[in-house]
Structure formats: structure tokens, C-alpha cells
Amino acid sequence: MNKQVLEFKNVWKTYHMGDGLVNALAGLDLSLDEGSFTAVMGPSGSGKSTFLHVAGILDEPTMGVFRINGKETINLSMKEQARLRRNEIGFIFQRFNLLSQLTSLENVMLPMINKDLEKAKEILDKMGLEDKHHKRPTQLSGGELQRVAIARALINDPSIILADEPTGELDTANADSIMKILQDLNHNNGVSIVVVTHNPASASFADEIIHMSDGKIVNMDSK
Amino acid sequence: MDLYKLSFNNIRRRKLRSSLTMLGIIIGAAMLMALLGVTAGLTTAIQDETNAYMYDVAVTPAAGTGSYLMDNQTVSQIRNRSDLYDFREVTMFSEDVNGTQLYVEGVNNWKDVKVINGTQGVVISQATVEKLGYDIGSKITVKGQELTVTGITKEAQAPYIYVNQSTVRQMADNKVSAIYAQTNGDPKTVADDVEKQVTGVSAETKSEKVNEIQEMTGQALLFMGIIASIALLVGIISVINTMLISVMERTKELGVLKAIGFTNWEIKGSILFESGLLGFLGGFIGVVLGLIGIVVIANLLDLAEYIPGMMPLWLILGVIFGSTLLSILAGLYPAIRASKLNVVEALRNE
């Protein structure tokens, strides 16, 4: 039996909205194996982002059990949650979220636990950014920005990468290039990847596509 | 690159705002340094002067006697006491010279009178030169005795003439204004005994005098400290404002930092470090300006010789440390707000 990197067991996430309650996640049951490449699709408000926030320990479930690499996050202190995010999870955001005052190299090194300049340079080089180490975000294109963000996500050798619409701001060529990088990381390095996307072309790089609606999984396609 | 370097970068990046925030601290720290420095230096100088001048007990005519001089009989009574020794007398009186009061003071030790021009013997103050037109070589008649001016001193703002104590006492019919003496026993007890046993005199101990002066200078120091502290406080309040704005502007950035694994304590630490750095730099620059201010003020007030005493190390370190500490405290509320940011909401912030 494969080791499971993410486990959702009857997970609910409820928000107060006006006078009522909204179930962003409504009894979600899902297990993702280590080394899997999963795309999560669904219309706006289907619960994709909440799914990713709970998976990334940025938000806590209202009810149910969530585990990452076998650890139940609800029992962890804030500090332990932060450490888990830093050591085991790599985040990639739609709008890159790089710090504008830092260079590519500095952005990549920011979350690094053991500051290793050579390793940071090596990862940037692997992303095809050999000549962009000392460029600031304003000096880079969208595709380059996302590749710096991927390098930052990889710097602590995480077991899972969570990407929220990583191609949402990119043209088709750059979007394909980014998804190819993620696919290679999954195939060659065994990093588990979860991508939330609206784009079917991006989702097609994944081995498994989950469709969500009203906080539930309504369909799962496997290659 | 770590969070502390990032904090340093934030200060550098927002140069104008950081400079304006620091300006408040700089003004406060400079005022604190200059005002307290000048007052502390003067306090030390006054205390040193007092210590050098005073003996254990000072005996003067009592306030109710209507006289400012003690006669020979009273002086003898005091001098014959077995509990007093090592006497020093001072006689001082004023004389009307051409409608201006000229104070005549006896000198026991010429080291106490700093002669800036001429020699010891018959020394007049600068005010005597200015108000009465006397100069070295001028002849002044006091109590029928003609004195030839030998020197000029900067001591005293009023018209003074300093002559040997024996001469002045002779001019004042052998009377004395004050007798200073050491005591064998407890100065306070001896002073009380003198007052009881010698009619028409008041006796004070050195500690009473020093305490009185120290109390006065201490109050002056406190007053100056309060005024300057208010200025510093205004500067510190601007740190709260700046850091709050900084946290608000950087909401998304802080959300990203949390998302990529920085703990709440690390976030708090970086905000406190940033505010502390503002306080330290502001305090440091303020102290440097304050020291320059001290030199300028001391020269303007003709107190250049007391400059070293106006720059005590405790004050320099205290102002820098105080500015830093207060700024860290000012950063506490913004830091707590930053650490409590909801990551998901912070990431949505644009």
C-alpha cells in the first residue's frame, strides 16, 4: 500500500456569510498517494481554494480529520504548523507572490532552512534562470517569475507542492512550460503535486483530475 | 537573506518615511542629550565647587539679627570651641561706589579666584570693569583705604573686588561674614550645639548645604528630563504609526512569509527588530547632534571648561538604549497585529 501524503476524512469547512453559513468543504473524503500528480478543477466557489488552504495548513477544517504525511495538523501548535509548511510543503501562487525588494536568488533563499547559496543557484539554473539570479521581480517576465516561485517552493526539498492556479497569469507557451516543469519534478524527483486550475490544458499534465462542486468531489479521472 | 536583513531593507526601501520617523526620535534624543547633558554637567560643577568650598560646619549671622557680620567676640566664642578646628573665615560687605553696589570679598585661597588678566592681590570682576570703568592699575577707595587693582577675574556677574581676607576683615572692623570649620564629632550635633550656645548665629552642616544644592540641581535635572522626554515620546509615537502603516502595507507580504513557513514569533521578531533599528539609529544620530549642541551651548554660556562633565557615558548610552527600547515597545502592538494576520485573508490582500 502506498504511503499517503494527504488525507481528508469527512472534512468540513464552514464560513459565516451574512446571516447564514456556507460550506466551502462539505464532508470531503480524499487520499492522495506519495508521488501523485493531481489537478483539482471546478467552477468558482466549488471549494478548490479552501481545499488547497486546508491542505497547506493555512486554514483549519471546521470538522473532520486532515493529515499530511500521516500527521494530524489540528493537534499541532502554530509553530509546528509553520515548521511543517516550511519543511514539507512548497507553495506556488497564481500571482507569484515574490518579494519585490529581493532578487531572484534572495527570494529563493528566503525560506531556506540551512542557507546554501550554491543550492539556491543550482535550483534557479535548473529552472533556466542562469542569468536572472540578481534580477528583481520587476525585471522578469511572467513565466520567469513563476519559475522563481517554483524554485522557492523547492528549496527545502518538500514532499508536496501545492499550486494555486500556477498558469492563471501566463500565456499558453509559458503555461505549458510551467506545467512541464511540475510534471518533470513529479516524474523525476517523486515530489507529490496538487494543482488547482481552471485550465483543462494545464490539468491534462496531471495523472489524476478531481472535479469539485459545492465543497464535494463530484468526479475523478485517472490517466 | 533572512527576516532581519529584510527588516533592514524595509527601512532602506522607504527612505523618506523612515527618515521622517527617525527625525522625531532624533529631535527627542538630541534634546534629551543636550538638556540633560548641560544640566548634569552644571550639577557636577556646582557640587564640586560646593564640596571644595564647604567645611563640616558653616557659621553665619542668624537671619533675625539684622546684621550680616559677626563681631570679634562672637568669632572668638566660636574659635575657642574644642569641638571645632581648622577654621577659615570669610568677610564680605558691600560699598556704594558712585551709586553702584561694589561687593568686597576676602580671599583665603587665591586658587578659588580665576584671574584672567593681571595678577592676584586686588582683583576685580568683569562686571566691575564694565559698570564702574575700573581696570588694572585703577585706584579704588574702600572704607577709607586705597586699593590698586592688580587683576581681573571672570568670577561673579556682579561688581566684585577680591582682596586678602586679613585686609577685608580689617576694613570691616574685624568682623566676619562666615566661619567654616571641621568638627571632631557629628557635624549635625555640633552645629546644633553652636546655635544653642552662641547667640545670634546660624550653623549649617556641609551635608545640609550640599543636600539643599543637590536637591535644587536634582529638581532642575528632573524638569529638563521631563521636557526632553516628552519630545522623545512624540518621536516614539511616530514609530507606532509608521510600523502600523508598514504592517498594513505589507499585509500580503507577511501572508506570503507565513505561507512559506515563517512562525508568528519570527514575524513578530522582524517587526520589533525594524522598530528597534529605527529607535537605535534615531537615538544614535540624536546623541551625536546633542553632543554637538552641548559644545555650542557650553561655548555660548562660557562654560567650555565643563564640557567633559556634560557628556557622561551613562547619559550617552542611556539615551541610545532608551530610544531603542522605547521603539521596540512601540513596535509591540504592530508586531502582534502582524503575527495575528489570517494567512488566507492576507494572501487575498492586494
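**A walk through chains A and B**

Let's start in chain B: β2(B) and strand β11 (residues 178–183) of chain B pair in the antiparallel sense, over five bridges. When I say two strands pair, I mean DSSP finds at least two bridges between them. Helices (H or I, at least four residues) and strands (E, at least two) are DSSP runs, numbered from the N terminus. For one partner across that pairing, look at B:Arg88, whose bridge partner in β11(B) is B:Tyr180.

Before I go further, what you see is a predicted model, where local features need pLDDT of at least 70, side-chain atom pairs count only at pLDDT 80 or more, and totals for chains, interfaces and linings use all residues. Residues are numbered from 1 along each chain as its sequence is written, while chains are lettered from A and ligands numbered from 1 in the order in which they are written.

Touching, or being in contact, means that the C-beta atoms of two residues, placed from the backbone, lie within 7 Å. For the angles, axes are lines fitted to C-alpha atoms, for helices over the stretch in contact, and the values run from 0 to 180 degrees between N-to-C directions.

Still in chain B, move over to strand β3 (residues 92–97), which runs antiparallel to strand β4 (residues 100–107) with six bridges joining them. B:Phe93 stands opposite B:Val104 in β4(B). The two strands make a hairpin with two residues between them, and B:Asn98 in the turn has a positive phi of about 50°. On to another partner of β4(B): five bridges join it to strand β10 (residues 160–164) of chain B, and here the strands run parallel. B:Glu105 has B:Tyr162 as its bridge partner in β10(B).

Which way do α9(B) and α10(B) run relative to each other, roughly parallel or roughly antiparallel? The axes of helix α9 (residues 264–300) and helix α10 (residues 313–339) of chain B come within 7 Å and cross at roughly 150°. That makes them roughly antiparallel; the cut-offs are under 35 degrees for roughly parallel, over 145 for roughly antiparallel, 65 to 115 for roughly perpendicular, and oblique for the rest. The contact between α9(B) and α10(B) has 18 nonpolar, twelve polar and two charged residues. In that count, Ala, Val, Leu, Ile, Met, Phe, Trp, Tyr, Cys and Pro are nonpolar, Asp, Glu, Lys and Arg are charged, and the others, Gly among them, are polar.

Chain A has a helix pair too. Helix α5 (residues 142–154) and helix α6 (residues 172–189) of chain A pack at about 15°, with their axes 10 Å apart. That makes α5(A) roughly parallel to α6(A). On the α5(A) side the contact includes A:Gly142 and A:Gly143, and on the α6(A) side A:Asn174 and A:Ser177 are among the residues. By type, the contact splits into three nonpolar, five polar and one charged.

Chain A also has an open sheet of four strands, β2-β1-β4-β5, with antiparallel pairing. Its edge strands are β2 (20–33) and β5 (71–72), each pairing on one side only. Eleven bridges join strand β1 (residues 4–17) of chain A to β2(A), and A:Met17 has A:Gly20 as its bridge partner there.

Last stop, where the chains meet: 13 residues of chain B are in contact with 18 residues of chain A. On the chain B side, α1 (3–13), α8 (251–259) and α11 (343–348) each supply at least two residues. The largest share, three residues, comes from α8(B). The chain B residues there divide into seven nonpolar, four polar and two charged.
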